[in-house]
Amino acid sequence: MPAGLIKLKKEFLALKQISMTVCEYRDKFTQLSWYASNEVEKDDQKQEHFLEGLNDGLQYMLSSTTYGSFQELVDRALVLESKRRRMEEKKRKGNF
């Protein structure tokens, strides 16, 4: 395997959400997963890798449920991220 592809595969395996939104993380995850297709052949493998890269709070909230598909997991992560942002916004405005 060419060095460039090995680098991209390693980048995928080390990918973390950190300061990205769930959408940005999903897009980067999808883009890089092409270079590690054997790591995410099955939907449950894909979910596991995605979940492991999410921020701790989201990971904690999502890990207690089994999702029927990768897309279900992503959708739930987006909903939770949105709720958390609204709560943080209320706190900042003093409406909590």
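Q17 sits in the loop between α1 and α2. This is a predicted model. Is Q17 buried or exposed? Its relative accessible area is 1%, so Q17 is buried; the cut-off for buried is under 20%. Which residues does Q17 touch, leaving aside those up to four places away in sequence? They are V22, Y25, G53, L54, N55, L58 and E81.

I18 is also placed in the loop between α1 (3-14) and α2. I18 has a relative accessible area of 65%, so this residue is exposed. The backbone of I18 deserves a look too. Most residues other than glycine have a negative phi. I18 is not a glycine, yet its phi is positive, at about 45°.

**The chain as a whole**

How many helices and strands does the chain have? The count is 5 helices and 0 strands. Read along the sequence, the pattern is α-α-α-α-α. The C-alpha trace spans about 55 × 25 × 15 Å along its principal axes. The chain has 96 residues, and 26% of them are buried. Now take the contacts between residues at least 6 apart in sequence. Of these, 50% join residues at least 24 apart.

**Aromatic rings**

The structure holds 6 aromatic pairs. A pair of rings is described by the distance of the centres and the angle of the planes. Two of the pairs are set out here.

| Pair | Distance of centres | Angle of planes | Type |
|---|---|---|---|
| Y25 and F50 | 4.7 Å | 35° | tilted |
| F50 and F70 | 5.2 Å | 85° | edge-to-face |

Why is the pair of Y25 and F50 called tilted? The planes of Y25 and F50 stand at 35°, so the pair is tilted. Stacked needs an angle under 30 degrees, and edge-to-face needs one over 60. The pair links distant parts of the chain. Y25 is in helix α2 (residues 22-33), F50 is in helix α3 (residues 43-53), and the two are 25 residues apart. Both Y25 and F50 are buried. For F50 the relative accessibility is 0%, so F50 counts as buried.

F50 also pairs with F70, and their planes are at 85°, so this pair is edge-to-face. F50 lies in α3 and F70 in α5 (residues 70-93), so the pair ties together parts that are 20 residues apart in sequence. F70 has a relative accessible area of 8%, so F70 is buried.

Which residues do the ring pairs link into a cluster? They are F12, Y25, F29, F50 and F70. The charged end of K46 sits over the ring of F70, 4.6 Å from the ring's centre.

**How the helices pack**

Two packed helices are described by the angle between their axes and the distance between the axes. Start with α3 and α5. Their axes come within 9 Å and cross at roughly 25°. That angle makes α3 roughly parallel to α5, since angles under 35 degrees count that way. On the α3 side, the contact is made by D43, K46, Q47, F50 and L51. On the α5 side, F70, L73 and V74 meet them. By class, the contact of α3 with α5 has 5 nonpolar, 1 polar and 2 charged residues.

Next come α2 and α5. The axes of α2 and α5 come within 10 Å and cross at roughly 155°. So is α2 roughly parallel or roughly antiparallel to α5? The angle makes α2 roughly antiparallel to α5, because the cut-off for that is over 145 degrees. V22, C23, R26 and F29 of α2 make the contact with F70, V74, A77, L78 and E81 of α5. The contact of α2 with α5 divides into 7 nonpolar, no polar and 2 charged residues.

**A tryptophan in a loop**

Where is W34 found? W34 is in the loop between α2 and α3. Its relative accessibility is 69%, so W34 counts as exposed. W34 and K9 are 25 residues apart along the chain, and their C-alpha atoms are separated by 8.4 Å.

Key. Residues numbered from 1 in each chain as written. Predicted model: local features only at pLDDT ≥ 70, side-chain atom pairs only at ≥ 80, totals over all residues. Heavy atoms only, no water. Phe/Tyr/Trp six-rings, centres within 6.5 Å; stacked < 30°, edge-to-face > 60°. Helix = DSSP H or I, 4+ residues; strand = E, 2+ residues; numbered from the N terminus. Buried < 20%, exposed > 50% of the residue type's maximum accessible area, 1.4 Å probe, protein only. Lys NZ or Arg CZ within 6 Å of the ring centre and 35° of its normal. Axes fitted to C-alpha atoms, helices over the stretch in contact; angles between N-to-C directions. Parallel < 35°, antiparallel > 145°, perpendicular 65-115°, else oblique. Contact = heavy atoms within 4.5 Å. Nonpolar A, V, L, I, M, F, W, Y, C, P; charged D, E, K, R; others polar.
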